[in-house]
Amino acid sequence: EEEEEEEAGNDEEKSKEEKSAEESTLPVNNVGLGVPGSSSGNSQTEEQEEKDGNPPPNLQIAWEVLELARIIFSRQLTVEAKLNEADSNLMLAEIGMELEQYDQAIADIQTCLEIQMPLLDPDDRMLAETHYNMALALALAERFDDSIKEYRKAERIIIARLEKNKCSIEEGLKGESLDKARQELSELESILPEIRTRIEDLEESKTSMQTIKALKEEQSDAQGGEAAASKESKDAAAAQPASNISHLIKKRKTGQPTC
């Protein structure tokens, strides 16, 4: 009897396990939950969060992780930790630009530069990258003059790096070092035209903005002039004496009845 009861218990547990396994493999209609198999999926969730003014979950999680990393690295004194702190600030700035929080992104990139500059060589590509991102954030904030200055800084660093690589190759680098120098030289030469194109685009954008601003000011001045002229005309009309119209009134004869 005990063996039968034990077998019955085992059969019951096995049945529960099989049922649980079947349920776990069944397709679930997770409407609006943002999971695979959902009819609305992540898109509805992200759209709703955008309407509410909240960042999407993936950006929020990324921001929290990077902020924690930045705090941890900031408490360490090694050069490597400081450079990692700078990288964390730069990645936080990228999230800020994605969320259109341009002022915060600019502040994060400035912090990154302040950490990097004492620790890196003047021609380090990391500095060029940081200036490039600063230029991008400033352009998105419509600070075109400042953005152009940052692109120019990135351009100067890349040119200096190019010259350094050319000198190293001419001095007779060999083997793997030569291959790396040539590869970097090729990459830098491809980056320069892009930076110069962006500078030209910003110059055009700046000119367009100035033109639009001037047109708006002219329109505003014209509307103000028309309003002033209209007011003066009305004031002049009000100031004129009333005309004598007595000669237009037909006099009633004596004894003629009134209406």
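Helices in this predicted model are DSSP runs of at least four residues, numbered from the N terminus.

**View 1. Helix H7 and the residue that follows its end**. Just after H7, Gly 172 adopts a positive phi of about 100°.

**View 2. Helix H5 and its cover**. At 1.5 Å a residue, the 15 residues of H5 (residues 102–116) should span 21 Å, and the 21 Å between its end C-alpha atoms agrees with this. Buried positions in H5 include Ala 105, Ile 106, Ile 109, Cys 112, Leu 113 and Ile 115, together with Asp 108 and Gln 116. Helix H4 (79–98) and helix H6 (125–140) are among the elements that cover the buried residues of H5.

**View 3. The packing of H4 with H5**. The two helices pack at an angle of about 165°, with their axes 8 Å apart; because angles over 145 degrees count as roughly antiparallel, H4 is roughly antiparallel to H5. H4 passes H5 in a left-handed crossing. Residues making the contact include Lys 82, Glu 85, Leu 90, Ala 93 and Met 97 of H4, and Tyr 102, Ala 105, Asp 108, Ile 109, Cys 112 and Ile 115 of H5. The residues of this contact divide into 10 nonpolar, four polar and four charged.

Note on methods. Residues are numbered from 1 along each chain as its sequence is written. This is a predicted model: local features need pLDDT of at least 70, side-chain atom pairs count only at pLDDT 80 or more; totals for chains, interfaces and linings use all residues. Side-chain values use heavy atoms; hydrogens and water are left out. The expected span of a helix is 1.5 Å times one less than its number of residues. Buried means under 20% relative accessible area, exposed over 50%, partly exposed in between (1.4 Å probe, protein chains only). Contact means heavy atoms within 4.5 Å. Axes are lines fitted to C-alpha atoms, for helices over the stretch in contact, and angles run from 0 to 180 degrees between N-to-C directions. Angles under 35 degrees count as roughly parallel, over 145 as roughly antiparallel, 65 to 115 as roughly perpendicular and the rest as oblique. A crossing is left-handed if the near helix is turned anticlockwise from the far one by less than a right angle, and right-handed if clockwise. Ala, Val, Leu, Ile, Met, Phe, Trp, Tyr, Cys and Pro count as nonpolar, Asp, Glu, Lys and Arg as charged, and the others, Gly among them, as polar.
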